[in-house]
Structures are given as structure tokens and as C-alpha cells.
Amino acid sequence: MPPPYEPVSYETEHPVIVLEGVSGIGKSTLAGLLAARLKASVLHTLPEPFTGMSALVRRQLRPLPQFGFYLSGLLHTADRIRHAGAHGPVVADRYRSSVIACHSAVHNVPMDTVTALLEPFRPYLAAPTRTYYLRCSESALRERLAVKTDVKSDDTELLTVPDRLPRLLANFAKAAESDDTAVWLDTDDKTPGELADWVISDLEHTLA
């Protein structure tokens with residue numbers, strides 16, 4: 001049974017688009033383009049005040065308390081999605097799959113274990129209309145990270161921590177397999193504008 005919480009409406013009146021994938025792959029750029037074209041709100045799974053605390057949490061907390069911190073951010077984002085979704089489309093830069101895939105990869109915890117920890121809270125999460133899983137070649141990812149202006153520890157560790165990137169890629173692939181809203185989006189040799197065009201076309205077809 002889900003834990004007790006105040007009843008809320010879990011449906012949104014407008015489309016909810018989620019972008020998933022490893023750091024540096026272009027989620028934030030694409031989210032901004034989609035928001036401009038769709039007149040949508042852009043939300044991140046770790047908004048303020050969580051963003052400012054994340055580095056301290058990673059340094060000082062053990063894996064399970066860290067998971068609790070990111071789970072709290074996810075639940076807060078679900079509330080924000082419902083609120084924004086009552087007024088217009090929503091684009092979420094990361095959501096449920098990122099919490100599971102990243103925690104599993106960073107702490108070398110099986111995906112199934114992390115999924116089970118989150119499962120009691122799944123009914124609280126606003127359901128996406130579409131979840132686009134971005135992927136690209138490792139060479140393209142390295143090029144994008146090299147020119148990224150807001151590089152964080154997650155970005156650098158992706159390529160410097162042994163096996164971090166392969167684990168993350170495998171985790172996102174596994175998350176997509178069990179996600180009935182999942183659509184793969186290959187980003188190699190495509191501009192952000194071309195990707196936005198494709199997403200909007202796919203979304204229009206889905207909602208038709």
C-alpha cells in the first residue's frame with residue numbers, strides 16, 4: 001500500500017513531456033526549445049531548494065539517505081507538474097527514470113532494488129504523456145561535454161569514473177523497456193532544432 005498522504009489529483013489537463021538521458025546529452029537545450037515552441041513550463045527533477053543542497057548531500061550522506069533526498073525532489077516535482085499542467089504543457093528535464101538510473105549507477109545498487117524503494121510512491125507521480133530517452137555515441141557525448149558551459153561533478157564523473165557511463169546507459173535502456181511512455185530519440189548528427197521538430201511532430205501524432 002502507498003504511504004499515507006493528502007489526496008490529490010494525479011492527472012494533468014495538458015501534455016507532460018519528459019526528457020531523460022545521461023548528463024551532457026542535450027536535455028536542457030531541447031527542453032528550452034520545446035518550452036518556447038509549445039509555450040510550456042520547464043521543470044527539473046531537482047529544483048530549488050534541492051539543487052543548492054545536492055553537493056553537500058552527495059559528500060555527507062550514505063546511499064539510502066541520498067536516495068531519500070532525491071526521492072523528495074521527485075515528489076516535489078510531481079506536485080509542480082500537476083500545478084503547471086493545469087495551465088499549459090509541461091517539459092520535465094529528468095523525472096522518475098533518472099532518479100532510479102543515476103542512484104543505481106553511482107552507488108552500484110541493482111536497478112530492481114532502487115525501483116522497489118520508489119515503487120510505493122509511484123501512485124503520487126504525475127504520469128507523462130511521452131518520455132523521450134535521448135541517446136548518442138560516446139564520441140558525440142564527449143564533444144558536447146567539452147563545450148558545455150555549466151559543467152558539474154556529474155558531468156565530469158560520467159567520463160572519469162570507471163564504468164560510470166556504461167552503467168548509466170544500461171540503466172536508462174532498462175528503464176525505457178518498462179516505461180510505456182518511452183520513445184527513443186537518437187541525437188547524433190541532429191541539431192537541437194531538428195530534435196524539437198521531431199518531438200513536436202510525434203507529440204501531435206500521439207494526441208491526435
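Predicted model: local features only at pLDDT ≥ 70, side-chain atom pairs only at ≥ 80, totals over all residues.
The largest pocket has a volume of about 1100 Å³. Its lining comprises 40 residues, and Ser23, Lys27, His44, Arg94 and Asp154 are the closest to the centre. Seven helices are listed as giving two or more residues to this lining: H1 (27–38), H2 (50–60), H3 (63–85), H4 (96–107), H7 (153–160), H8 (164–177) and H9 (192–207). H4 provides the largest share, with six residues. By class, the lining of the largest pocket holds 16 polar, twelve nonpolar and twelve charged residues.

The second largest pocket has a volume of about 280 Å³. It is lined by 16 residues. Nearest its centre lie Arg96, Arg122, Pro128, Asp179 and Thr181. Strand S1 (16–20), helix H4 and strand S4 (130–135) each contribute at least two lining residues. The lining of the second largest pocket has seven nonpolar, five charged and four polar residues.

H4 also packs against H8. The axes of the two helices come within 9 Å and cross at roughly 145°. The crossing of H4 and H8 is right-handed. On the H4 side, the contact is made by Ser97, Ser98, Ala101, Cys102, Ser104, Ala105 and Val106. H8 contributes Arg164, Arg167, Leu168, Asn171, Phe172 and Ala175. By class, seven residues of this contact are nonpolar, four are polar and two are charged.

Definitions and conventions: Residues numbered from 1 in each chain as written. Heavy atoms only, no water. 1 Å grid on protein atoms, 1.4 Å probe; cavity = no way out; pocket = protein on both sides within 12 Å on 5 of 7 lines; lining within 4 Å. Points joined across faces, edges and corners; volume = space filled by probe spheres on them. Helix = DSSP H or I, 4+ residues; strand = E, 2+ residues; numbered from the N terminus. Nonpolar A, V, L, I, M, F, W, Y, C, P; charged D, E, K, R; others polar. Axes fitted to C-alpha atoms, helices over the stretch in contact; angles between N-to-C directions. Left-handed = near helix turned anticlockwise from the far one by under 90°. Contact = heavy atoms within 4.5 Å.
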